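Please find below a colleague's note on the model under review.

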Amino acid sequence: MEHRYDIVIVGAGGGGMFAALEAVRTNPRVSVAVISKVYPTRSHTSAAQGGVNAALGNKDRDDTVELHVFDTVKGSDYLADQDAVDYLCGQAPSVVRELENLGAPFSRFADGTIAQRPFGGTVKDRCCYCADKTGHTLLHTLFEQCLRRGVTFFNEYFLLSLEHADGDCQGVITLNMATSAIETFVAPVVILATGGHAKMYWNRSSNAAGNTGDGQAAALRAGIPLKDMEFIQFHPTGLRKSGLLVTEGARGEGGYLLNRHGERFMARYAPQKMELGPRDLVARSMETEIIEGNGFESDAGSYIELDLRHLGAEAIKKKLPQIRELSMHFEGVDPIEEPIPVRPTAHYSMGGIDATMARTAIRGVYAVGECACVSVHGANRLGGNSLLDILVFGKRAGQEAALEAPERKAHGITPPAVRRAADEIRSYANHERYERYGIIREEMGKAMGDNVGIYRVEERLRTGVDEIHALRERFRRIRLFDTGTVYNTNLIQILELKNMLDLALCVAVTALERQESRGSHYREDFPRRDDGAWHRHSLCTMGSDGEVSLGHKAVTMGKYSLETRSY
Amino acid sequence: MERREVSFRIQRYNPQVDRAPFYDNFRIAVEKGITILRALNYIKEHLEPRLTFRAFCQAGICGSCAIRINGVSRLACTTQVWDVLTGGGDDPILIEPLDNLEVIRDLVVDIDPIMEKLKRNQSWVKPAIPEEELGRKEHIVSDEQFETINAASDCILCGSCYSECSMMQVNRDYISPPVLLKAFRMNNDTRDTLGCQRLREVTTDNGLWDCAHCYKCMEHCTKKIPIMDGIHHLREEAFARGMTHTEGARHAQAFFDDIRDIGRLKEVTLPLRTKGVLGSLGMVPLAIKMGLKGRKPPLLVKRIPDIERVRDIYDRLEADRGGEVVGAIHELPLRSAPRSGGCL
């Protein structure tokens with residue numbers, strides 16, 4: 001089956017839906033379709049708890065866009081492209097107000113303005129929030145507005161490939177999950193908004209099961225480079241047993257991190273900002289405490305305590321209700337009574353599809369949000385900047401796409417491309433195959449967690465690269481046991497695993513390559529930042545043989561020049 | 001770590017091969033603290049790769065994994081195996097798809113009807129601000145106004161209330177609890193301008209007045225939202241806005257009047273007061289059928305002896321108008337913003 005649209009958006013999280021809204025608003029004559037492997041309100045935007053940064057000045061009257069830019073650039077360890085950061089922070093107040101105007105329920109100050117709370121790595125309190133469900137409410141608001149505008153959704157469609165002819169976008173090939181039919185969407189403009197890929201750390205990740213980097217993998221195979229893939233953010237406060245997230249807002253509201261001696265150890269690592277240091281620094285400090293034997297011990301591994309008790313029952317119930325619920329569900333701990341057991345968990349992928357102000361190397365293809373690397377987060381993202389990223393660049397891509405689409409033409413997707421996709425899917429059911437999905441996926445999570453984690457060193461990184469290579473080899477013999485065509489989740493698991501393995505290789509290879517420590521990427525054998533050799537973006541491309549080759553790209557500088565980063 | 005063998009009795013159905021749903025049993029060793037979702041994942045990865053269910057965030061916020069566990073709609077990812085063991089842990093845990101929705105395969109149901117109803121009932125805010133001025137300045141919203149819609153905006157559209165709803169059991173066209181909750185949330189948002197229009201849509205046939213007050217939506221809400229409070233407030237709003245001419249409103253008014261006046265219902269004239277003369281004619285065949293089966297409403301209904309005590313209840317409720325719904329079982333009862341004025 002073939003569909004034809006002017007603009008096809010892949011992914012129905014905050015970035016994809018804002019792009020869709022903006023496209024139909026900018027040019028009501030363009031036809032827009034949003035394709036998503038989950039129903040829109042299931043998207044991982046819903047899991048963003050803490051908030052969205054914007055220099056509204058409701059709390060700190062003297063906050064400015066410039067200060068937000070500075071915090072973001074410093075937070076990125078100077079790897080962010082400053083023109084993109086200028087745009088991100090400059091647009092922040094108006095996109096946040098726009099979402100508010102459209103019904104997003106923000107928490108309020110006594111004067112009725114949007115409430116703002118402190119967040120990690122910032123000099124002013126500028127994180128706008130709705131209790132601890134900010135992402136959830138923004139996602140639902142955008143979904144509601146898409147319903148209002150009559151946006152066309154194709155729910156539960158899985159992206160198989162991105163198609164182009166000599167660098168001109170032709171559309172995408174997808175799998176209709178309900179029927180397993182291959183359906184093509186011919187479109188001169190495609191916006192990829194497929195979310196992050198930190199689920200490759202599997203049990204050591206806060207991510208949803210589907211954060212498997214489908215858009216990144218499709219872009220990589222279509223020839224678009226991936227940028228800065230070595231930078232994976234480990235969030236300091238994942239729940240001990242499940243890796244599920246406890247928002248930075250918990251520390252923003254005044255929570256303490258304690259080791260088993262009852263010490264607020266952050267005083268030794270970030271004397272000024274304490275628990276509100278940037279995420280890379282806090283996560284590393286916690287890991288160091290655990291390695292040095294200062295953590296708490298349990299059957300479910302070593303951990304650090306996040307103590308909220310001194311905030312009082314009322315503040316916890318009002319400002320952190322979800323956190324209380326999660327702690328009770330998954331750790332059996334009520335934070336009003338007891339500290340929460342936490343440890344760092346893989347959380348966010350700073351790297352992704354190489355994009356310049358959302359445009360990629362294929363004409364007509366845009367990438368926004370966590371799947372993209374614009375790059376506004378550089379080597380480390382600040383809390384509250386990811387929701388902002390999807391809103392600002394989702395909106396921009398939607399606008400530009402609506403203007404560009406009428407100028408471009410897609411000829412179509414070639415029958416051989418469709419045949420290749422169908423053959424690949426059929427081949428998984430081949431009786432000679434025997435490798436099991438669950439086992440390869442488990443080993444991938446372990447290989448990444450053990451070797452490409454918070455602390456990295458050449459020897460382990462080489463092991464990681466070798467193990468991922470070996471797993472990709474085994475994947476060639478993976479067996480699809482469910483051969484039905486109705487809602488075949490076994491098939492989706494295999495397709496997602498293939499994407500994660502390709503991206504894991506990119507992460508491991510670039511982590512091995514970068515011989516310095518910057519932001520989230522910490523090399524025990526190269527503990528210093530080395531601007532002379534490594535102040536540059538890394539690029540990954542994949543040949544038709546499936547091998548990764550590396551390149552690099554200059555960082556766009558601006559007002560702020562390189563400085564030592566301390567908090 | 002405590003560990004035990006647990007049986008799962010799971011409803012299976014693949015329309016391609018099965019003529020009807022059937023049950024499959026799986027017995028696995030489970031650790032204490034494991035969720036139903038982890039158990040389902042284990043079964044899929046180790047025993048039956050064809051077992052089909054939805055799951056995404058694993059943290060109770062995306063709403064994908066709602067299913068029925070021992071007959072009750074819940075999220076698989078936030079339900080612990082230990083909490084649903086019965087018979088000293090020897091009974092199998094019954095796992096079934098959500099009710100009131102078509103099964104696509106095994107535990108996966110088609111949720112498009114919910115999306116369609118959200119759309120039909122204008123489940124969105126339409127602000128007064130013109131399009132070109134969006135993003136220029138904030139609305140000023142008091143903390144109290146925010147709190148009015150705060151609990152209702154917790155809804156994750158998991159479908160549990162839709163599955164539990166008694167009215168949905170008999171009428172798939174019924175508007176359904178999550179859509180009514182959205183209507184409450186939007187109509188109490190001070191930034192919205194669609195109140196009257198939305199309420200008019202919500203009070204049409206199969207709408208607001210069809211709710212049977214069974215409270216199951218609220219009892220089983222996975223986010224503990226007092227949905228029924230929202231439904232009550234919408235009904236009050238319909239009256240406050242003068243939308244008293246629909247059958248549902250007239251029916252409610254007739255109940256209200258009878259109980260106040262004589263302490264019991266005058267069933268004989270109820271159809272006349274609800275449906276009017278012409279509408280009641282349509283009820284005649286039903287009345288004859290009921291009569292033949294011996295179901296005859298009493299023609300003369302006498303006032304109850306202690307009618308003053310009933311009136312006292314009315315007075316007290318009148319004095320407390322706009323306050324919390326009496327008997328709310330949740331920590332955060334839904335309050336309604338005071339509404340006045342009719343709709344053009």
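The points below take up chain B as a whole, then a pair of its helices, and then a sheet in chain A.

1. The model is a predicted one. In chain B there are 13 helices and 7 strands. Along the principal axes, the C-alpha atoms of this chain fill a box of roughly 70 × 65 × 40 Å.

2. Of the 344 residues in chain B, 49% are buried. The accessible surface of chain B is about 17100 Å², and carbon and sulfur atoms account for 52% of that area. Among contacts in chain B between residues at least 6 apart in sequence, 68% link residues at least 24 apart.

3. Helix α10 (residues 247-262) and helix α13 (residues 307-319) of chain B have axes that come within 7 Å and cross at roughly 135°. The two helices, α10(B) and α13(B), are therefore oblique to each other.

4. On the α10(B) side, the contact involves B:Phe255, B:Phe256, B:Ile259, B:Arg260, B:Asp261 and B:Ile262; these meet B:Ile307, B:Val310, B:Arg311 and B:Tyr314 of α13(B). By class, the contact residues comprise 7 nonpolar and 3 charged, with no polar ones.

5. In chain A, an open sheet of 5 strands has the order β19-β17-β12-β22-β23, with mixed pairing. Strands β19 (372-373) and β23 (548-553) of chain A each have a single partner strand, so one side of each lacks a neighbour in the sheet.

6. Within this sheet, β12 (residues 226-227) and β22 (residues 537-542) of chain A run antiparallel and are joined by 2 bridges. A:Lys227 has A:Leu539 as its bridge partner in β22(A). Helix α5 (residues 214-221) of chain A lies across β12, β17 (352-354) and β22 of that chain, at about 40° to β17(A).

Note on methods
Residues numbered from 1 in each chain as written. Chains lettered and ligands numbered in written order. Predicted model: local features only at pLDDT ≥ 70, side-chain atom pairs only at ≥ 80, totals over all residues. Heavy atoms only, no water. Axes fitted to C-alpha atoms, helices over the stretch in contact; angles between N-to-C directions. Helix = DSSP H or I, 4+ residues; strand = E, 2+ residues; numbered from the N terminus. Parallel < 35°, antiparallel > 145°, perpendicular 65-115°, else oblique. Contact = heavy atoms within 4.5 Å. Nonpolar A, V, L, I, M, F, W, Y, C, P; charged D, E, K, R; others polar. Buried < 20%, exposed > 50% of the residue type's maximum accessible area, 1.4 Å probe, protein only. Areas by Shrake-Rupley, 256 points an atom, 1.4 Å probe, with all protein chains shown as cover. Pairing = 2+ DSSP bridges.
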